[in-house]
Amino acid sequence: MLRRFLLPMWAFVFRDFHLTRRYFSWVLVFTFYAIVNAATIALIGVAQGDFRLTLTLVLGALLWSYLSAMYQEIANSIAYERWEGTLEYTFMAPVSRLVHLLGVSLFATFYSVVRTAVILLGLALFVDLNLQGANLLGVLVVLLVGSLAFMGLGLMAAILPVMSPENGAQATNILQGILLLVSGIYYPVSVLPAWVQPLAYLSPATYALEASRKLMGIQHPASSPEGLVGAPLSAVVPELLVLLLMGLAFIPLGLLVFSLAERWAKRTGKLKRTG
Amino acid sequence: MWAIEVKNLSKVFRKTTFGRRQEEWALKGVSFQVGVGETYALLGPNGSGKSTLIRILSTLLLPDAGRVHILGHPLPQEERKVREKIGRVSVDAAFYKKLSPQENLLFAAQLYGLSPREAEARAMAILERLGLETRRFGDPLEEMSRGMQQKVAIARALLIRPPLLLLDEPTTGLDPKSRRDVQAFLEELRREEGTTILLTTHDMVEAERLAHRLGFLARGQLVAEGTAEELKRLAGALDLEEAFIRLTGEGLQEEAHAP
Ligand SMILES: Nc1ncnc2c1ncn2[C@@H]1O[C@H](COP(=O)(O)OP(=O)(O)OP(=O)(O)O)[C@@H](O)[C@H]1O
Ligand SMILES: [Mg+2]
């Protein structure tokens, strides 16, 4: 157990922690950018004098920063190794892809949670946030359950750089952009053109957002700038179930797609850095 | 049981350029065996298929035809068992270059289920034996010379005490002293742990010093095989280099004239 699963899983946490530490100046730059981005969006709500809009925008910015960080950490982990030239060594280790994914995801979750907390703190410098009455613990639960589906999506996106060293990285970013567009991060899904709307229901972020808005009490009639009336976790059970089901479907699907891509890469010689 | 048993191994790379499909046979019907505890050197001109062969043996490439058994395990069926038993060093020291040797080695060790403590002790011993100053153990690898990186790569391959080592040009780019350190270390390893070694090199002296038997690879085919003495006799050559050129060289010229 220890030697077959826990130590190899921990190896990825160990590696990603040290890589993050060594690239810390980049982490600072990206986090700074994320704070500025979130603040400029939230200030649109402040300018309108509408606390509901402000909270919707803040929630959207934070949730998206969390989920996209999670997705990117996983999707880029393969591209990074390919670029660094270590991919062959990681792939020839006696480690199952599930353990590999769990290790990378464990660090990604930790990293994304910390990053989102820092962004929230930074945001408080620009926007006067009163979150009294919001069910923040409930939001955390939604985030963690929603992470499962994003792990699966990240894993599917991670194969793109294996299949095409040239265009793979662009493709993962396009996929991320589509998720941002269809999930109604800053607006209700109903404002999207009718032909895009069905896509919204395929994105886990849509459900994570809907649930989080209820838990924060953003739309509750009794909510006011002085205090929010957040819903209890029991009110978002349907969304949680959908997120859980998506996770249970996307992770095995991701592993399957990944193992097919790995086989294909081993047939065509695509694991090598050059050629 | 053989440590490596390869029968009729073929590998083709296909690519499409400007709509024209091209086939490149990197290996064509290669067969050979390496005994347990034996050191076997593969020699061949650039592009003759040495690295491709090593990649197939290290479970990173799937062949198009042929059979491979590593320490009795068939590939690719028993891939995981094979992976637990092989260490590989490639010509490019593939590391996370921002991380230190220590971090790189600890990552590799944990990946193979070794506890950090046992891994660290063993890594230190190997690196000291190879003459790397251990005080630089915490600096990023990108600040180190190629020779130093290559020694860390060797240490990584040896962390798990693999019964089979696959070495793809392990001493290319090392200075003469470092090269000797590595060679002496490999001899010691073989003596003390009975490690089987498959090695590719462009250094004839190294091949002659280390290998019990040698194979000449040319255009994806094993054109000759035997001890250094046997190969020299076969080619009617005075030294191994001459034998190499005689046995692998002619075909290349033919190919240069081919349309
Ligand atoms: N991943 C790959 N994709 C496409 N072609 C490849 C790949 N790997 C090797 N080849 C081709 O296969 C042939 C054999 O290459 P290989 O790297 O095995 O040669 P080598 O004997 O190791 O050469 P060198 O001495 O230069 O290292 C070459 O023609 C090469 O272009
Ligand atoms: Mg080579």
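An oxygen atom of ligand 1 is found 3.4 Å from an N or O atom in the side chain of E169(B). The coordinates belong to a predicted model, and every distance quoted here should be read with that in mind. Ligand 1 itself lies between chains A and B, and among the 15 residues around it the ones that come nearest are G269(A), G47(B), K50(B), S51(B) and T52(B). For K50(B), a polar side-chain atom is placed 2.7 Å from an oxygen atom of the ligand, while for H202(B) the corresponding distance from a polar side-chain atom to an oxygen atom of ligand 1 is 3.1 Å.

Is E169(B) buried or exposed? With a relative accessible area of 13%, E169(B) is buried, because buried is taken to mean under 20%. The loop between strand 7 (164-168) and helix 6 (176-193) of chain B also holds T171(B), which is likewise buried, at a relative accessible area of 4%. The side chain of T171(B) makes a polar contact of 2.5 Å with the side chain of E206(B).

Two further backbone features of chain B can be checked by their torsion angles. N8(B), in strand 1 (residues 2-17) of chain B, has a positive phi of about 50° although it is not a glycine. The peptide bond that leads from L75(B) to P76(B) is cis, with omega near 0°, and P76(B) belongs to the loop between strand 5 (73-75) and helix 2 (79-85) of chain B.

Further along chain B, the loop between strand 10 (221-226) and helix 8 contains T227(B), which counts as partly exposed at 26% relative accessibility. T227(B) and A41(B) are 186 residues apart in sequence, and their C-alpha atoms are 9.9 Å apart in space. Which residues of helix 8 (residues 228-235) of chain B are buried? They are A228(B), L231(B), K232(B) and A235(B). Seen down the axis of helix 8 of chain B, these buried residues fall within an arc of 100°, so they line one face of the helix.

The largest pocket has a volume of about 1200 Å³ and is lined by 35 residues, of which F30(A), Q72(A), E73(A), N76(A) and Y111(A) lie nearest its centre. Helix 1 (2-22), helix 2 (24-48), helix 3 (51-84), helix 5 (97-124) and helix 7 (168-182) of chain A each supply at least two residues of this lining, and helix 3 of chain A gives the most, with 12 residues. By residue type, the lining of the largest pocket divides into 20 nonpolar, 11 polar and 4 charged.

How many cavities of 30 Å³ or more does a search of the whole structure find? The search finds 3, and the largest cavity has a volume of about 180 Å³. Of the 16 residues that line the largest cavity, Y89(A), A108(B), L111(B), Y112(B) and R156(B) are the closest to its centre. Helix 4 (87-91) of chain A, together with strand 6 (86-89), helix 3 (101-111) and helix 5 (146-158) of chain B, each supply at least two residues of that lining, with helix 3 of chain B giving the most, 4 residues. The lining of the largest cavity consists of 10 nonpolar, 4 polar and 2 charged residues.

The second largest cavity holds about 80 Å³ of space, and the elements that give two or more residues to its lining are helix 3, helix 5 and helix 6 (136-163) of chain A. Helix 5 of chain A provides the largest share, 4 residues. The residues lining the second largest cavity include I74(A), R97(A), H100(A), L155(A) and F258(A), and the lining divides into 7 nonpolar, 2 polar and 1 charged.

Key. Residues numbered from 1 in each chain as written. Chains lettered and ligands numbered in written order. Predicted model: local features only at pLDDT ≥ 70, side-chain atom pairs only at ≥ 80, totals over all residues. Heavy atoms only, no water. 1 Å grid on protein atoms, 1.4 Å probe; cavity = no way out; pocket = protein on both sides within 12 Å on 5 of 7 lines; lining within 4 Å. Points joined across faces, edges and corners; volume = space filled by probe spheres on them. Nonpolar A, V, L, I, M, F, W, Y, C, P; charged D, E, K, R; others polar. Buried < 20%, exposed > 50% of the residue type's maximum accessible area, 1.4 Å probe, protein only. Arc of directions from axis to C-beta. Near = heavy atom within 4 Å. Polar contact = N/O pair within 3.5 Å; in protein donor to acceptor, adjacent residues only side chain to side chain.
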